[in-house]
Amino acid sequence: MLAQTLQCVSMLVPLHCIARKQVYRVTVEPLVHTLFNNGKATCFAYGQTGSGKTHTMSPLPIRAAADILQYLVRPELRDVSLFVSCFEIYGNKVFDLLNMRKKLNILEDGKKKVCVVGLKEHTVSDVEVVKQLIEEANHRRSVGSTAANSDSSRSHSIMQFALKRFIAGGAHSRLVGKLSFIDLAGSERGADTFDNNRQTRLEGAEINKSLLALKECIRALDSDARHVPFRGSKLTAVLRDSFLGETARTVMVANISPTATCVEHTLNTLRYADRVKELRKDKAERAPGGVTPGDEMYHAAAQRAAVNLPPANPCGSGSDLSSHELASQRPPMPQQHMQQQQQVQYQQYEQQQRSPAPAPL
């Protein structure tokens, strides 16, 4: 089931002309309310290298933490705590940015949920602590200098806010909601990085590979495919919860550069954002045959599609369309019914061959 709310925000004016509070109000603030209803929200920035993704994403977790902590003051939420974690995906490997870059693994549990094994979570009750954690994560994140950007992020950074309710006297905790901030590494073309060294080119290849895997997942969701290749990379495995589930909410911030030399990057980013924007259509409004065929939502969508079919032409053979046009508008015939029809036609042919020829006049 696709995420019911999926927005796309395009920064079409210089970032210094936009108040950071306005960016937060449009992107992340609507997601905070869903966390307290078992929601899983995600905000990620996409764009070419040097387009300002890190600058856009940096203040969003701080403002979100301030709003979340204000909610936790309420008496009905006194047993809920905020946990903060941050890790990066560098060269298809996962490292904990808040635990001395400890190497992590991304696995699935028995309930088909993605888990980052060994990730350290920090309990937060003050916004200043969140600022310190963000500074520590940025200090340990992999960065480098390329021909396209002198201060380029060479990894995908994921910061997660998890709301957990303690049960059984504090011995166990249950997840209430999760909010993820993903600062994607910028896409790079080979023509823009021709003078880079071998290590930088390998990093760019891994970045483009993971972004391509994300595009394939978006394309599969857009075409309502039966299989979505979320296991194509570590990045798509982490983002799977962002696109599937009734409580999933996702916001994409498309960053573009206004310079004339970045026209191709700008067009590619806007096309990509437009495709992501189309995914916010409700599952019931999409054509049946989705990611999880056979469930109740799938059959309900199929019934709605059958009810909304145009009525049969009452004019019969008096239609203005030719027989060839009518045949081209018919829905595809099921495979089993097609085989039965072919078998009946073959039996009729055999009967005609066995019948005696008519006597001459």
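Biologist: Let Ala, Val, Leu, Ile, Met, Phe, Trp, Tyr, Cys and Pro count as nonpolar, Asp, Glu, Lys and Arg as charged, and the others, Gly among them, as polar. By class, how many charged residues does the lining of the largest pocket have?

Modeller: The model is a predicted one, and its largest pocket is lined by 20 residues. By class, 7 of the lining residues are nonpolar and 4 are polar. The number of charged residues in the lining is 9.

Biologist: Which element supplies the largest share of the lining of that largest pocket?

Modeller: The space in the largest pocket comes to about 590 Å³. Lying nearest its centre are Lys113, Val114, Cys115, Leu175 and Lys178. At least two lining residues each come from β6 (114-117), β10, β11 (172-183) and α7 (234-243). The largest share, 4 residues, is supplied by β11.

Biologist: What fraction of the residues in the protein is buried?

Modeller: The protein contains 11 helices and 12 strands. Of its contacts with a separation of 6 or more, 68% are accounted for by residues 24 or more positions apart. Among the 361 residues of the protein, the buried share is 42%.

Biologist: How far apart are the end C-alpha atoms of helix α5?

Modeller: Helix α5 covers residues 127-140, which is 14 residues. At 1.5 Å a residue, such a helix should span 20 Å. The model agrees with this expectation, because the end C-alpha atoms of α5 lie apart by 20 Å.

Biologist: Within what arc do the buried residues of α5 fall, seen down its axis?

Modeller: The buried residues of α5 are Val127, Val130, Leu133, Ile134 and Ala137. They line one face of the helix, because seen down the axis of α5 they fall within an arc of 110 degrees. An α-helix has 3.6 residues a turn, so residues three or four places apart point the same way. For the buried residues of α5, then, the arc is 110 degrees.

Biologist: Which residues are exposed on the other side of α5?

Modeller: The buried residues of α5 have a cover that includes α4 (59-72), β3 (80-90), β7 (122-124) and β10 (156-167). On the other side of α5, the exposed residues are Gln132, Glu135 and His139.

Biologist: Which residues of helix α1 are buried, and within what arc do they fall?

Modeller: Helix α1 takes in residues 20-27, and its buried residues are Val23, Tyr24 and Thr27. These residues line one face of α1, because, seen down the helix axis, they fall within an arc of 95 degrees.

Biologist: Is glycine 50 buried or exposed?

Modeller: Glycine 50 sits in the loop between β2 (40-47) and α3 (53-57). Its C-alpha is 6.8 Å from that of serine 152, although the two are 102 residues apart in sequence. Exposed means over 50% relative accessible area. Because the relative accessibility of glycine 50 is 54%, this residue counts as exposed.

Biologist: What is phi of asparagine 92?

Modeller: Asparagine 92 is placed in the loop between β3 and β4 (93-96). Asparagine 92 counts as partly exposed, because its relative accessibility is 37%. Its phi is positive in a residue other than glycine, near 65 degrees.

Biologist: What is phi of arginine 101?

Modeller: Arginine 101 belongs to the loop between β4 and β5 (102-108). With a relative accessible area of 28%, arginine 101 is partly exposed. Its phi is likewise a positive value in a residue other than glycine, near 55 degrees.

Methods. Residues are numbered from 1 along each chain as its sequence is written. This is a predicted model: local features need pLDDT of at least 70, side-chain atom pairs count only at pLDDT 80 or more; totals for chains, interfaces and linings use all residues. Side-chain values use heavy atoms; hydrogens and water are left out. The expected span of a helix is 1.5 Å times one less than its number of residues. Buried means under 20% relative accessible area, exposed over 50%, partly exposed in between (1.4 Å probe, protein chains only). The arc is that of the directions from the helix axis to the C-beta atoms. Contact means heavy atoms within 4.5 Å. On a 1 Å grid over the protein atoms alone, a cavity is a set of points where a 1.4 Å probe fits but cannot get out, and a pocket is an open set with protein on both sides within 12 Å along at least five of seven lines; lining residues have an atom within 4 Å of a point. Grid points are joined across faces, edges and corners, and a volume is the space filled by probe spheres set on the points.
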